[in-house]
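Biologist: I would like to learn how to read the inside of a protein model. Could you take me through one?

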Amino acid sequence: MARLTINGQSHNVDVEPDTPLLWVIREQVGLTGTKYGCGIAQCGACTVHINGEAVRSCSLPVSAAEGKQITTIEGLAAAGTVHKVQKAWVDNDVPQCGYCQSGMIMAVAALLKEKPKPTDADINEAITNICRCGTFQQVREAIHAAAASA
Ligand code: FES
Ligand code: FES
């Protein structure tokens, strides 16, 4: 049994402590915006925030997330609003198939909170998410646009 706070709501889930957080979010809680790509912390499709930091949820045991604030793509924007990263994504036509994009957006939102005006070097270091559609240039442009809109 684990007690989690996801997007401000409490959830009691009946899982083993070493169950990856990703599967709890998707299967027990039913929030499917967070995606499975590689399962080995390489691609970033499963990125969520834990206490505001980007974390790859496929490789984090659920027990490590108890007592912390977990935010998924569904909870990124405040009610009735669009997060500035999501707006920049739309304005810059970033997504193609879309599969990697929720993880990409979560990683970028965490980066901008830490570094509101990231350089290209900052982006290269922090955003290591993999996009099979090759949206990397659009991602970079949208990050700069989101930073400029702040
Ligand atoms: S599914 Fe978690 S990093 Fe790829
Ligand atoms: S938009 Fe298709 S994998 Fe990134």
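**Reading the interior**

Modeller: Let's begin with a cysteine: Cys 43 is buried, its relative accessible area being 11%. Keep in mind that this is a predicted model.

Biologist: And is Cys 38 buried or partly exposed?

Modeller: Cys 38 counts as partly exposed because its relative accessibility is 24%, and the cut-off for buried is under 20%. As for disulfides, searching the whole structure gives 0.

Biologist: How should I read a nonpolar core, and which residues touch the most other members of the largest one here?

Modeller: The general idea is that nonpolar side chains tend to be buried together in soluble globular proteins. Here the largest nonpolar core has 23 residues, and those touching the most other members are Val 85, Trp 89, Met 104, Val 108, Leu 112, Ile 127 and Ile 143. At least two residues of this core come from each of α2 (84-91), α3 (101-114) and α5 (136-149), with α3 giving the most, 8 residues. Another core lies apart from it, with 16 residues that include Ala 2, Ile 25, Val 29 and Ala 65.

Biologist: What does Val 85 touch, leaving aside residues up to four places away in sequence?

Modeller: Val 85 touches Ile 105, Val 108, Ala 109, Leu 112 and Ala 146.

Biologist: Now helix packing: how do α3 and α5 cross?

Modeller: Look at the distance and the angle together. The axes of α3 and α5 come within 11 Å, crossing at roughly 35 degrees, and the crossing is right-handed. Met 104, Val 108 and Leu 112 of α3 meet Phe 136, Val 139, Ile 143, Ala 146 and Ala 147 of α5. By class, this contact has 8 nonpolar residues, no polar and no charged ones.

Methods: Residues are numbered from 1 along each chain as its sequence is written. Chains are lettered from A and ligands numbered from 1 in the order in which they are written. This is a predicted model: local features need pLDDT of at least 70, side-chain atom pairs count only at pLDDT 80 or more; totals for chains, interfaces and linings use all residues. Side-chain values use heavy atoms; hydrogens and water are left out. A nonpolar core is a set of buried Ala, Val, Leu, Ile, Met, Phe, Trp, Tyr and Cys residues joined through side-chain atoms within 4.5 Å. Buried means under 20% relative accessible area, exposed over 50%, partly exposed in between (1.4 Å probe, protein chains only). Helices (H or I, at least four residues) and strands (E, at least two) are DSSP runs, numbered from the N terminus. Contact means heavy atoms within 4.5 Å. Axes are lines fitted to C-alpha atoms, for helices over the stretch in contact, and angles run from 0 to 180 degrees between N-to-C directions. A crossing is left-handed if the near helix is turned anticlockwise from the far one by less than a right angle, and right-handed if clockwise. Ala, Val, Leu, Ile, Met, Phe, Trp, Tyr, Cys and Pro count as nonpolar, Asp, Glu, Lys and Arg as charged, and the others, Gly among them, as polar. A disulfide is a pair of cysteine sulfur atoms within 2.5 Å.
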